[in-house]
Amino acid sequence: MISQSTAGALREWRRRRRVSQLELAVRAGTTQRHVSFIESGRSTPGRSMIIRLAESLDVPIRERNALLLTAGFAPAYPQSDLADPLLAPVRTALERILHGHRPYPAVVVDRHGDLVSANAGFEVITRGVDPRLLEPPVSVPRLLLHPLGLAPRIVNLDQWAWHVVDRVQAESLRNPTEQLRHLAAELTGLAPPRSSTPDHLGFAVPLRLRVGDPADRELRLITTLTHFGTATDVTVAELRLEAFLPADAATSSALHELVTW
């Protein structure tokens with residue numbers, strides 16, 4: 001018999017993804033009856049079936065390892081330290097992307113939004129924030145929305161703050177952890193009431209940020225998120241690259257002036 005904790009976890013992941021037993025069965029190449037028996041604990045799936053079900057539900061690979069452990073199997077995915085020599089190609093790739101993105105800001109964060117690395121562009125836009133917010137571990141979402149962080153300089157905070165909050169809440173649903181839940185609650189408390197007059201560029205929410213000393217320039221930035229889509233190492237799979245791109249020529253010109261090459 002499969003452990004009730006494993007059966008319950010698989011059932012919960014399916015419900016969280018809003019997938020029926022039949023749809024999951026089709027994705028995983030099995031039958032609805034088998035899925036039903038696994039979720040009720042009446043059938044004991046092998047290691048490969050647990051992995052197939054987890055993959056079909058887009059379960060984060062850290063949690064796939066947890067499912068395997070509760071079922072009595074060894075983890076399938078390694079978890080390396082980012083400083084491990086085996087991950088040297090990953091570090092090199094990230095460093096090249098961060099360097100190549102200059103003068104535009106870019107950061108690499110972990111699954112909780114904590115800063116792993118940043119380029120000179122990001123250092124420019126975060127100048128003047130409270131030094132305590134820059135003490136490791138640096139929470140990038142908190143740095144953006146905290147009143148001692150960038151929040152006072154974000155012109156459209158009532159709109160852009162919810163872009164950050166919604167993304168953290170979505171990640172908390174996709175990859176539930178206590179840290180993410182607490183962060184989502186904290187950011188919700190920091191965000192102003194939602195604006196009813198969107199200031200979008202037709203396809204994205206711009207970050208309108210004042211910079212300089214005094215803060216007399218306004219940057220208009222849009223963001224992109226990138227991750228290693230085929231990663232089989234837990235650490236690598238959880239890394240996210242967030243790049244800020246200029247939304248107009250004036251922003252591009254200003255960043256070329258502000259960032260030291």
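Because the model is predicted, local features need pLDDT of at least 70 and side-chain atom pairs count only at pLDDT 80 or more, while totals for chains, interfaces and linings use all residues. Residues are numbered from 1 along each chain as its sequence is written, and side-chain values use heavy atoms, with hydrogens and water left out.

**Overall make-up**

The protein contains 12 helices and five strands; these are DSSP runs numbered from the N terminus, helices being H or I with at least four residues and strands E with at least two. The C-alpha trace spans about 65 × 45 × 35 Å along its principal axes. Of the 261 residues, 46% are buried, where buried means under 20% relative accessible area, exposed over 50% and partly exposed in between, with a 1.4 Å probe and protein chains only. Among contacts with a separation of 6 or more, 58% join residues 24 or more positions apart; a contact means heavy atoms within 4.5 Å.

**Helix pairs**

Two packed helices are described by the angle between their axes and the distance between the axes. Axes are lines fitted to C-alpha atoms, for helices over the stretch in contact, and the angles run from 0 to 180 degrees between N-to-C directions.

| Helix pair | Axis distance | Crossing angle |
|---|---|---|
| α9 (residues 157–174) and α10 (residues 178–190) | within 9 Å | roughly 160° |
| α2 (residues 21–28) and α4 | within 9 Å | roughly 115° |

Leu-24, Arg-27 and Ala-28 of α2 make the contact with Arg-52, Leu-53 and Ser-56 of α4. Helix α4 covers residues 47–56, and its buried residues include Leu-53 and Ser-56. After α4 comes Asp-58, with a positive phi near 55°.

**Rings and charges**

The whole structure holds one aromatic pair. Phe-122 and Phe-244 form this tilted pair, at 6.4 Å centre to centre and 35° between the planes. Rings of Phe, Tyr and Trp (its six-membered ring) pair if their centres lie within 6.5 Å, and planes under 30 degrees apart count as stacked, over 60 as edge-to-face and the rest as tilted. Phe-122 is buried at a relative accessible area of 3%, and Phe-244 is buried at 1%.

The charged end of Arg-16 sits over the ring of Trp-13, 4.6 Å from its centre, and Arg-42 lies over the face of Phe-37, 4.0 Å from the ring centre. Such a placement requires NZ of Lys or CZ of Arg within 6 Å of the ring centre and within 35 degrees of the ring normal.

**Arg-62**

Arg-62 lies in helix α5 (residues 61–70) and is partly exposed, with a relative accessible area of 23%. Beyond its neighbours within four places in sequence, Arg-62 contacts Gln-79, Arg-111, Val-234 and Glu-238.
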